[in-house]
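Hi everyone, thanks for coming.

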Amino acid sequence: MNFLDLLKLAVPETIVVLAVLFVLAADLVALRGVERRFRFIIGGMIACVGCVGGIVWMLISHTHENAFAGMLVVDPLTQFVKIALLALTIFTILLSMESDFTTHVGEYLALILLAAVGMMFLVSAEDILMIFISLELTSLSLYILAAFNKRDIKSAEASLKYFLFGGMSAAFTLFGLSLVYGLSGTTNLPEIAAALAGKGLDPLLVIAIVMVVIGFGFKVAAVPFHLWAPDAYQGAPTPSAAFIASGSKVASFFIFAKVMAIGFAGKEIEGSGAWHAYAPGWVPVVAILAALSMVLGNLVAIVQTSVRRLIAYSAIAHAGYMLLAIVSHNEQSLASLIYYAVTYGLTTVGAFGVVAVVEQGTGGEKLSDFAGLSRRAPVVSFCMLIFMLSLAGIPPLAGFFGKFYVFSAAIKSGAPDLGLLWLVILAVAMSAVSLYYYLQVLKQIYVNDVDSAPGAGNPLKPTVLTQVVLALLALLVIVLGCAPNLLIGWILTAIGSGPA
Amino acid sequence: MLAWTIYISFIGVLVLMLLPKGNAALARGVALMFALLGLGIGIAAFTQFKAGEIVAVADTSWVPSLGIHYHLAADGISLTLVLLTGSAAVAGILFSWNIEHRTKEFFAFYLALIGGVYGVFLSFDLFLLFVFYEIAIVPKYFIIAIWGSTRREYGAMKLALYSFIGSAMVLVGLIAAYVVSGAHSFDVTELAKYSFPHNFQIWAFPLVFIGFAILAGMWPFHTWAPTGHVAAPTAASMLLAGVVMKLGAYGCLRVAMTLFPDGLAAWKNFFAVLAIIGILYGAMVALVQKDFKFVIGYSSVSHMGFVLLGLMTLNAIGLSGAVLQMFSHGIIAGLLFAVVGRMVYDRTHTRDLDTLQTMGLSKAMPFAAVTFVIASMASMGLPGFSGFAAEFQVIVGAWKAFPTLAVLTGVGILIGVAYTLRVMQKAFFGETDEKEAHAHEPMPPISPQEKLGAVLLIAVSLVIGLFPRILLDIIVPSFDSPLFDWLRRLS
């Protein structure tokens, strides 16, 4: 294989990197003196064109290639996840076009795209070295994105916390992965599984697995490694927070599932989290993380007064549901995980978009700042209604089908004695709890009246672009919920066609 | 054609959302039109219905990878409840004619709720049924929280959480049944053929049954009902008691009992006792209430006890009585709530029975008084009204299945007479001295819409009471369908 072939495989990533260069060049060379709004529009257009270019390329090319022993795997499944990531990136960029927190427009957009490139490589990697490098590319871009509002001390705090926790988690991951390499003598995931097979649960392997789980646990904000999430979500500029909550989640969960299911395959390493058939291994560990995340995330979200923190804790809870899909690791669960993560990403980006509108209009993002929103901005409120109900898991929205799919995969994996039923019951019970706090948000928007303070009841005037993007996201959430097969069918074909 | 009851309601939601702001009269008219269309479709389907058949309405693959179908169909039971939904929806809109605050939103939520309810009654795919069941939860919350009265946010949230917890239990049971059966289908006709392992049924049945029965107001999970009814605006109380509680009972019959007959056989005595407790408890609590609306709220719990008891008798007469009681109570409770919430409360602004007693309402608003007297007679189960036909059958069925409990049911009816007479006397025929009665401002007259709504509901109750065969002829043969094979196996 020569470099031209490699470049061919990495065309989507290359397109996005070129977009980065164009954005930077355009902004630094041509747009210096122009008004910020205009710079955002031009830069954003270029960035979106790059993303769309990547998506189109992946849609028309049907490559099936595994370059350099898992360094870069291109198959329909990774293509699908990358398309989803780029779509989330586009939405994030579109929603950031109205922001006013920075004058470094080019750098900002470039970093978003670089983070996206990192995620794309991450998704394609089946090699622990490559996984680590792409993880770092993503994370470093995201740390800076979180700190981008230089005028706000909270943004700096968010970024520092995110960075310190992220750095720790990277250290854990690296340590775990190096132990894995030491045990197996290879960096390729399937080969690792082959080398570890039959050796049983070596104490060193236990440490390695725990380290890896801790590292990824930080990335996906699973309890007890979630502490950075509320602060990062609260302090970071809204589009950055949205991207951390959506794109980064999708990519991290995908690679987490891949590392566990491919790298640590084999009955004696997996163990079992089933009720009567407990066996040590990574499955029970992840099962416990899932249970803790669901319980703590949902219960703590109830008492939040800041909507961003509420979304953060709800994100922790949703991480719990997605971990449930990793625990089940059967043929259906990977599809359910991807469906869940992608639709969750779309919903969260939308929810942050609404938060941004409210922040611009009222200067705050407390629950009380949402009071009476339905009469100040009806379209945006309706979108928020859809997003919150989808997060709560109300049919026929995408969030419901995602949960349903994950839960049925989990019950199937424990069949015939329904061993994972305990975890599913917990998850369903907790999602009933979650309705309470999502309804709190909607209650402010639809039920409560606006403050009597002068000027408080004026209509907010979100720009047409924002409204269109939010409406589009809401529509996607409805359509993907009513016709889940659009996505599921695609994912299942992708999984079925790959060697994975 | 029946599927259009669902579509028409949701189209109505869209139309209402697109209407210009501030034109309340237009919103009302549009809402009424869509509700009438729904009722019209129901009646048209009823006239073409042949007893004993299951009308296929729609059946297409929805999510092939999970074997989920978009399967709508109707048997006599579904059709009865569709008719109930249509009548209650029309009457509810007539009684909400005075809503001026955010009118179009009100009716949008209202029609969304109605659409969800139609969907539940027509779904033969359990996944689809569950989807519609949950769609109905959200509008209830907003209708009560925005347009309600006493402690509306509390009542609304309580109702939403109870419903959601119930549906969560149902969801677990459904997925487990789907996986255990291995049928790769959620179709109720498919799943009903499969006989689930005994041990599985023993825990799955109560899980799903209670999940649905929460919404049916089964004691001790009924506590959402009185607070919800009291907090809700009139139309919402009418729908809650009239239709939403039936969703729960319908789910018990169509899902829990059909899928898990062995579990049913093991648990039926237990749930029959709970049903009796509900009848007696609801009636006795209603006897001592000071708030007019709480009386009706608790009476709903009591009357729904009859439905659950009828279901547990497991004989044809008891079951058909239960279905007829669902219909009958839907109409009568709607009427009672209309009198209390719309005619009385909106004019006197009090529901306190002691205050009402001094007002001499029978003179101030004779129409309301007459309506309430008729509704009370129907509610007490006087022959000639639908309540009699229904509760009589339930008691006969219970007599066969649980002779001891049937006696207690009779006691429940007696207490029912007592609280109804008490509240009637206090609210309308209290002793007033002339001066005080005139001290109150003159009340606005009963509007034509209210009269129309009241006449509609009274007429339905009377017709079904005098000719119960109209409905029984389609309900009873339904139990002969293959869907009810379990019934013949158990008895």
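Before I count anything: helices here are DSSP runs of H or I with at least four residues, strands are runs of E with at least two, and both are numbered from the N terminus. By that count chain B has 23 helices and 2 strands, and chain A has 22 helices and 2 strands.

A word on where this comes from. This is a predicted model, in which local features need pLDDT of at least 70 and side-chain atom pairs count only at pLDDT 80 or more, while totals for chains, interfaces and linings use all residues. Residues are numbered from 1 along each chain as its sequence is written, and chains are lettered from A and ligands numbered from 1 in the order in which they are written.

How compact is chain A? Its radius of gyration is 22 Å, close to the 23 Å that the globule rule gives for 500 residues, so chain A is as compact as a globular protein of that length. That radius is taken over C-alpha atoms, and the rule is 2.2 Å times the number of residues to the power 0.38.

Now to burial. We call a residue buried if 20 or more other C-beta atoms lie within 10 Å of its own, exposed if 12 or fewer, and partly exposed in between, with C-beta atoms placed from the backbone. In chain A, 61% of the 500 residues count as buried; in chain B, 64% of the 491 do.

Next, where the chains meet. Two residues are in contact if their C-beta atoms, placed from the backbone, lie within 7 Å. The contact takes 24 residues from chain B and 27 residues from chain A. Which helix of chain B gives the most to its side? That is α7(B), with 13 residues. The residues on this side of chain B divide into 21 nonpolar, 1 polar and 2 charged. Here Ala, Val, Leu, Ile, Met, Phe, Trp, Tyr, Cys and Pro count as nonpolar, Asp, Glu, Lys and Arg as charged, and the others, Gly among them, as polar.

Let's look inside chain A at a helix pair.

Finally, some backbone details. In chain A, the peptide bond from Val223(A) to Pro224(A) is cis, with omega near 5°, and another cis bond joins Pro395(A) and Pro396(A), with omega about 0°. In chain B, Arg102(B) is not a glycine, yet has a positive phi of about 50°. Arg102(B) sits in the loop between α3 (76–95) and α4 (103–122), and is partly exposed, with 18 other C-beta atoms within 10 Å.
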